[in-house]
Amino acid sequence: MSDNDIIKKLTKDLLRQIGEDPDREGLLKTPSRVAKAWEFFSRGYKQDIEEIINGAIFNEDAKDMVIVRDVEFFSLCEHHLLPFFGKAHVGYIPNGKVIGLSKFARVADWVFSRPHIQEEAVMILADEIERLCEPKGLGIIIKAQHYCMKLRGVKESQCSMVNSVVRGDFRHDSSLKQEFFELVRQQSNVAKNY
(Lines give C-alpha, C1' and ligand atoms only; values in the text may rest on other atoms or scores of the structure.)
Protein backbone atom coordinates (compact mmCIF):
# COMPACT_ATOMS: atom_id res chain seq x y z
CA MET A 1 0.00 0.00 0.00
CA SER A 2 1.47 3.38 -1.04
CA ASP A 3 1.67 6.43 1.22
CA ASN A 4 -1.15 8.04 -0.77
CA ASP A 5 -3.35 4.96 -0.33
CA ILE A 6 -2.72 5.02 3.43
CA ILE A 7 -3.64 8.72 3.64
CA LYS A 8 -6.80 8.08 1.58
CA LYS A 9 -7.83 5.29 3.95
CA LEU A 10 -7.07 7.42 7.02
CA THR A 11 -9.13 10.27 5.54
CA LYS A 12 -12.10 7.98 4.96
CA ASP A 13 -11.79 6.71 8.54
CA LEU A 14 -11.58 10.28 9.85
CA LEU A 15 -14.71 11.28 7.94
CA ARG A 16 -16.56 8.31 9.42
CA GLN A 17 -15.30 9.17 12.94
CA ILE A 18 -16.67 12.72 12.77
CA GLY A 19 -20.06 11.43 11.62
CA GLU A 20 -19.75 11.86 7.85
CA ASP A 21 -20.37 9.41 5.02
CA PRO A 22 -17.22 9.25 2.87
CA ASP A 23 -19.29 7.64 0.11
CA ARG A 24 -21.62 10.60 -0.40
CA GLU A 25 -21.15 12.49 -3.63
CA GLY A 26 -19.47 15.60 -2.20
CA LEU A 27 -16.86 13.54 -0.33
CA LEU A 28 -16.06 10.83 -2.90
CA LYS A 29 -12.88 12.54 -4.12
CA THR A 30 -11.94 14.09 -0.76
CA PRO A 31 -9.54 11.29 0.30
CA SER A 32 -7.65 11.67 -2.97
CA ARG A 33 -7.53 15.47 -2.63
CA VAL A 34 -6.34 15.20 0.97
CA ALA A 35 -3.56 12.78 -0.04
CA LYS A 36 -2.38 15.21 -2.74
CA ALA A 37 -2.57 18.12 -0.29
CA TRP A 38 -0.43 16.26 2.26
CA GLU A 39 2.10 15.40 -0.42
CA PHE A 40 2.38 19.14 -1.09
CA PHE A 41 2.40 20.18 2.60
CA SER A 42 5.24 17.75 3.37
CA ARG A 43 7.30 18.19 0.18
CA GLY A 44 10.29 19.45 2.19
CA TYR A 45 10.97 15.91 3.40
CA LYS A 46 11.59 14.77 -0.19
CA GLN A 47 13.50 17.79 -1.52
CA ASP A 48 17.27 18.13 -1.55
CA ILE A 49 18.49 21.56 -0.45
CA GLU A 50 21.52 21.41 -2.75
CA GLU A 51 19.25 20.89 -5.76
CA ILE A 52 17.09 23.80 -4.61
CA ILE A 53 20.13 26.11 -4.34
CA ASN A 54 21.40 24.84 -7.71
CA GLY A 55 24.84 26.39 -7.26
CA ALA A 56 23.49 29.94 -6.79
CA ILE A 57 26.19 30.90 -4.27
CA PHE A 58 28.57 33.44 -5.74
CA ASN A 59 31.99 34.68 -4.68
CA GLU A 60 31.65 38.43 -4.15
CA ASP A 61 33.56 41.06 -2.24
CA ALA A 62 30.31 42.60 -0.91
CA LYS A 63 30.73 43.78 2.68
CA ASP A 64 27.50 45.66 3.42
CA MET A 65 24.26 44.36 4.85
CA VAL A 66 21.89 42.56 2.50
CA ILE A 67 18.22 42.33 3.51
CA VAL A 68 15.48 40.30 1.89
CA ARG A 69 12.12 41.33 3.32
CA ASP A 70 8.63 39.91 3.18
CA VAL A 71 9.41 36.33 2.14
CA GLU A 72 5.97 34.74 2.42
CA PHE A 73 5.59 31.24 3.84
CA PHE A 74 3.09 28.86 5.29
CA SER A 75 3.58 25.74 7.32
CA LEU A 76 1.68 23.40 9.60
CA CYS A 77 1.81 23.59 13.38
CA GLU A 78 3.19 20.28 14.57
CA HIS A 79 0.91 20.29 17.61
CA HIS A 80 -2.44 20.48 15.77
CA LEU A 81 -1.53 20.10 12.08
CA LEU A 82 -3.25 23.41 11.40
CA PRO A 83 -1.70 26.07 9.16
CA PHE A 84 0.38 29.01 10.23
CA PHE A 85 1.53 31.60 7.75
CA GLY A 86 3.46 34.82 7.63
CA LYS A 87 6.58 36.56 6.42
CA ALA A 88 10.28 36.10 7.01
CA HIS A 89 12.87 38.89 6.85
CA VAL A 90 16.50 37.88 6.41
CA GLY A 91 19.56 40.11 6.73
CA TYR A 92 23.18 39.11 6.44
CA ILE A 93 26.67 40.53 6.16
CA PRO A 94 28.47 38.70 3.33
CA ASN A 95 31.81 37.09 4.02
CA GLY A 96 33.05 36.60 0.46
CA LYS A 97 29.86 34.85 -0.69
CA VAL A 98 26.36 35.96 -1.66
CA ILE A 99 23.36 33.79 -2.31
CA GLY A 100 20.99 34.29 -5.25
CA LEU A 101 18.04 36.44 -4.22
CA SER A 102 15.30 33.94 -5.12
CA LYS A 103 17.07 31.26 -3.11
CA PHE A 104 16.03 32.88 0.18
CA ALA A 105 12.40 32.20 -0.72
CA ARG A 106 13.28 28.69 -1.90
CA VAL A 107 15.18 27.86 1.28
CA ALA A 108 12.31 29.24 3.39
CA ASP A 109 9.84 27.16 1.38
CA TRP A 110 11.99 24.06 1.94
CA VAL A 111 12.14 24.71 5.69
CA PHE A 112 8.45 25.48 6.10
CA SER A 113 7.12 22.66 3.92
CA ARG A 114 6.88 20.23 6.82
CA PRO A 115 5.21 20.48 10.26
CA HIS A 116 7.05 22.69 12.75
CA ILE A 117 6.72 25.00 15.63
CA GLN A 118 7.70 28.52 14.60
CA GLU A 119 10.57 28.70 17.11
CA GLU A 120 12.18 25.62 15.56
CA ALA A 121 11.60 26.71 11.96
CA VAL A 122 13.44 30.03 12.39
CA MET A 123 16.45 28.18 13.83
CA ILE A 124 16.53 25.70 10.93
CA LEU A 125 16.26 28.57 8.44
CA ALA A 126 19.16 30.35 10.15
CA ASP A 127 21.26 27.16 10.23
CA GLU A 128 20.76 26.58 6.50
CA ILE A 129 21.52 30.15 5.44
CA GLU A 130 24.57 30.17 7.69
CA ARG A 131 25.77 26.86 6.24
CA LEU A 132 25.20 27.98 2.65
CA CYS A 133 26.90 31.39 2.60
CA GLU A 134 28.88 31.55 5.89
CA PRO A 135 27.99 35.19 6.58
CA LYS A 136 29.80 37.42 9.07
CA GLY A 137 26.42 38.19 10.61
CA LEU A 138 22.88 36.92 10.19
CA GLY A 139 19.51 38.15 11.40
CA ILE A 140 16.08 36.64 10.76
CA ILE A 141 12.70 37.88 11.92
CA ILE A 142 9.55 35.84 11.41
CA LYS A 143 6.00 37.00 12.02
CA ALA A 144 3.15 34.51 11.63
CA GLN A 145 -0.50 33.94 12.42
CA HIS A 146 -1.48 30.52 13.70
CA TYR A 147 -4.81 28.88 12.93
CA CYS A 148 -4.46 26.72 16.04
CA MET A 149 -5.08 29.96 17.97
CA LYS A 150 -7.53 31.51 15.50
CA LEU A 151 -9.92 28.57 15.06
CA ARG A 152 -9.82 26.72 18.36
CA GLY A 153 -8.89 27.18 21.99
CA VAL A 154 -8.70 30.89 22.79
CA LYS A 155 -9.91 31.89 19.28
CA GLU A 156 -7.64 34.92 19.04
CA SER A 157 -8.23 36.08 15.48
CA GLN A 158 -5.77 39.02 15.52
CA CYS A 159 -2.92 37.42 17.45
CA SER A 160 0.44 36.88 15.75
CA MET A 161 3.78 35.54 16.88
CA VAL A 162 7.11 37.21 16.17
CA ASN A 163 10.47 35.68 16.81
CA SER A 164 14.00 36.37 15.71
CA VAL A 165 17.45 34.94 15.65
CA VAL A 166 20.70 36.90 15.39
CA ARG A 167 24.14 35.42 14.90
CA GLY A 168 27.72 36.55 14.40
CA ASP A 169 28.17 40.32 13.95
CA PHE A 170 24.44 40.91 14.47
CA ARG A 171 24.69 39.37 17.93
CA HIS A 172 27.90 41.17 18.92
CA ASP A 173 27.31 44.61 17.40
CA SER A 174 24.17 46.22 18.82
CA SER A 175 24.20 49.07 16.25
CA LEU A 176 24.28 46.56 13.39
CA LYS A 177 21.43 44.60 14.95
CA GLN A 178 19.47 47.81 15.45
CA GLU A 179 20.03 48.82 11.80
CA PHE A 180 18.69 45.43 10.68
CA PHE A 181 15.57 45.71 12.86
CA GLU A 182 14.94 49.29 11.71
CA LEU A 183 15.27 48.42 8.02
CA VAL A 184 12.85 45.52 8.44
CA ARG A 185 10.37 47.79 10.27
CA GLN A 186 10.30 50.39 7.50
CA GLN A 187 7.43 50.42 5.02
CA SER A 188 7.80 48.85 1.58
CA ASN A 189 8.89 52.14 0.02
CA VAL A 190 12.31 52.21 1.66
CA ALA A 191 13.73 54.75 -0.80
CA LYS A 192 11.51 57.59 0.44
CA ASN A 193 13.21 57.39 3.84
CA TYR A 194 16.65 58.21 2.43
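Are Tyr92 and Phe104 buried or exposed? Tyr92 is buried, as is Phe104, where buried means under 20% relative accessible area, exposed over 50% and partly exposed in between (1.4 Å probe, protein chains only). This is a predicted model in which local features need pLDDT of at least 70 and side-chain atom pairs count only at pLDDT 80 or more, while totals for chains, interfaces and linings use all residues. Residues are numbered from 1 along each chain as its sequence is written, and side-chain values use heavy atoms, with hydrogens and water left out.

**Aromatic pairs**

- Searching the whole structure gives 11 aromatic pairs, counted when ring centres of Phe, Tyr or Trp (its six-membered ring) lie within 6.5 Å, with planes under 30 degrees apart termed stacked, over 60 edge-to-face and the rest tilted.
- The Phe41 and Phe74 rings form an edge-to-face pair, because their centres are 6.0 Å apart and their planes stand at 80°.
- Phe41 belongs to helix α2 (residues 30-41) and Phe74 to strand β2 (residues 66-77), so this pair ties together parts 33 residues apart in sequence; helices (H or I, at least four residues) and strands (E, at least two) are DSSP runs, numbered from the N terminus.
- Phe41 counts as partly exposed at 25% relative accessibility, and Phe74 likewise counts as partly exposed at 33%.
- The rings of Tyr92 and Phe104 make a tilted pair, because their centres lie 5.6 Å apart with planes at 45°.
- Tyr92 in strand β3 (residues 83-93) and Phe104 in helix α4 (residues 101-112) are 12 residues apart, and their pair links distant parts of the chain.

**Cluster**

- Trp38, Phe40, Phe41 and Phe74 are linked into a cluster by ring pairs.
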